[in-house]
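This briefing sets out selected features of one protein model for computational work. The sequence and the structure come first, followed by notes grouped by topic.

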Amino acid sequence: MTTPQQPPFPPHDPRRGAGTGHGDGRESGPASPGAHGTGAGGHGHAHAHSHGPAAPVSRHLRKVIAAVLIPFAAAVLVGLAVLWPGGAPPHERTGVGFDRQTQQGTVTKVVELSCQSVNASGVPPTGDTSTAEGSSAVQQANGECKRATIRVDSGKDKGRTFDEIVQPDQSRQLSEGQKVVVAYEPSAPEDLQYSVTDINRRVPMALLAGIFALAVVVVGRLRGLMALISLAVSFLLLNFFILPAILQGSNPLLVAVIGSSAIMLIALYLCHGLSARTSVAVLGTLISLVLIGVLGSLFIGWAALTGNTDDNTGLIHGLYPTIDMSGLLLAGVIIGSLGVLDDVTVTQTSAVWELHEANPTLGRRGLYRAGIRIGRDHIASVVNTLVLAYAGAALPLLLLFSIAQSGVGTVANSELVAEEIVRTLVGSIGLVASVPVTTALAALVVSADRPADRPAAQPTGVAPARGGRGRRRKR
């Protein structure tokens, strides 16, 4: 692909002094777009967004942006207050799947013994190993089993022990000293009330989370710390607002829109600062989310997707029959697209801002054309990312269809796969649309600025503080 020629830069202003750029510590010239490696139309792309100081926008432009975003933020706050659930509604535990009482436990002893002795009451195997059931029966009859003794470490029965037989063909084997999660069923006979349901993975997962947080802070510094704080806020909103509000019977689509909007506002402004540039990214993200919501609602209804396709969704529908499962599916599409949308809109806004800083003579159309050339590279990467993310999540399901040698049409038509296809395509359409929408908004805002209303420029001859990394200015 041929890189378009850069438009000429404005003549050098001797009042800026040798070696200074735009008065904010950055050098002028083609290098100023920074992370995107673009002049007026280059194609280099990287996710290390350039969010350095930009020229402050005029007071008039800040008022225009505030007139749009302040009512929107107020509406989000009102929606949070009206729909705030105050906790998930109580229900009687079914003892199925995740809806079980669980406690922590430790494997204190493991003894090997003959499977024949513990399976004496079972049906004798026929010796046919051509089927999975026959092979499992032979292993259970002739193999070596394990009797594990587990101690309950939490709850009212802390210190109580029970035994569990581990068959040789079980995928989860137990070892002495291993931490486990045990399920408790109070209505069962006393010797069958406890059983091992999973391995306790808290330590390795907590360590991995700590490594992730350390890496983000070390590399991102203050910006990385703000990203972690916004991530924590997102999880809090998800756990204390979105999920309980849906369980309380509120419309899943409305809850998802309000919750996603709150997450978007907090995450973008925390990570990228309270500025006109961030506000344009917020507007681009909001428009794209609306498009995703409209398309998702249309095609989920047209394709007659119920959202009730597996044991977990069936259990949810059984416990809370009033929940609109198709609305829950649409809510998942919106929330799932939000994270990638943030990346696209912030990158495009930053690109247009930097292009304007590099060449203030570029008009609205020139900025849009240069920004959209950068956006085309971004589209190719983020769409591929989203599709592969959904394909990776559905990989076991796709593998099952491959084993069954089902045709592509049969696989795509099944509701399980059709949900993922609709989710992927609707999200991808929103991502693709966010590039021209955000680029156009950014070009319009930058070109509509009124320089006469801007704050006074830095005095002549004043060098940037701290080696060119002066204090961030309002913009």
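In this predicted model, the side chains of Glu 354 and Arg 277 meet in a salt bridge, with an N to O distance of 3.5 Å. Glu 354 belongs to helix α8 (residues 325–358) and Arg 277 to helix α6 (residues 276–302), so the pair ties together parts that are 77 residues apart in sequence. Both Glu 354 and Arg 277 are buried.

**Other salt bridges**

- The structure holds 6 salt bridges, and the pair of Glu 354 and Arg 277 is one of them.
- Side chains of opposite charge can pair when their charged atoms come close.
- A salt bridge also joins the side chains of Arg 423 and Glu 420, at 3.5 Å from N to O.
- Helix α12 (residues 415–447) contains both Arg 423 and Glu 420, which are 3 residues apart, about one turn of the helix.
- Arg 423 has a relative accessible area of 14% and is therefore buried, whereas Glu 420, with 21%, is partly exposed; the cut-off for buried is under 20%.
- Lys 156 forms a salt bridge with Asp 157, and their closest N and O atoms are 3.4 Å apart.
- Lys 156 counts as exposed because its relative accessibility is 67%, while Asp 157 counts as buried at 16%.
- A network of salt bridges links Lys 156, Asp 157 and Arg 160.

**The disulfide**

- The count of disulfides comes to 1.
- The disulfide is formed by Cys 115 and Cys 145, whose sulfur atoms are 1.9 Å apart.
- Cys 115 and Cys 145 are both buried.
- Another cysteine, Cys 271, counts as buried at 13% relative accessibility.

**The sheet**

- An open sheet is formed by 5 strands in the order β3-β2-β1-β4-β5, with antiparallel pairing.
- The edges are taken by β3 (161–166) and β5 (194–199), each of which has a single partner strand, so one side of each is left without a neighbour in the sheet.
- From one strand to the next, the twist averages 45°.
- Strands of a sheet pair through backbone hydrogen bonds, either parallel or antiparallel.
- Strands β1 and β2 run antiparallel and are joined by 9 bridges; here Leu 113 has Cys 145 in β2 as its bridge partner.
- Strand β2 (residues 144–152) and β3 run antiparallel and are joined by 6 bridges; Lys 146 stands opposite Val 166 in β3.

**A loop residue**

- Ser 250 is found in the loop between α4 (202–247) and α5 (252–272).
- The relative accessible area of Ser 250 is 19%, so the residue is buried.
- Leaving aside residues up to four places away in sequence, Ser 250 touches Leu 83, Ala 245 and Val 255.

Terms used:
Residues numbered from 1 in each chain as written. Predicted model: local features only at pLDDT ≥ 70, side-chain atom pairs only at ≥ 80, totals over all residues. Heavy atoms only, no water. Pairing = 2+ DSSP bridges. Helix = DSSP H or I, 4+ residues; strand = E, 2+ residues; numbered from the N terminus. Axes fitted to C-alpha atoms, helices over the stretch in contact; angles between N-to-C directions. Buried < 20%, exposed > 50% of the residue type's maximum accessible area, 1.4 Å probe, protein only. Contact = heavy atoms within 4.5 Å. Disulfide = S-S within 2.5 Å. Salt bridge = Lys/Arg side-chain N within 4 Å of Asp/Glu carboxyl O.
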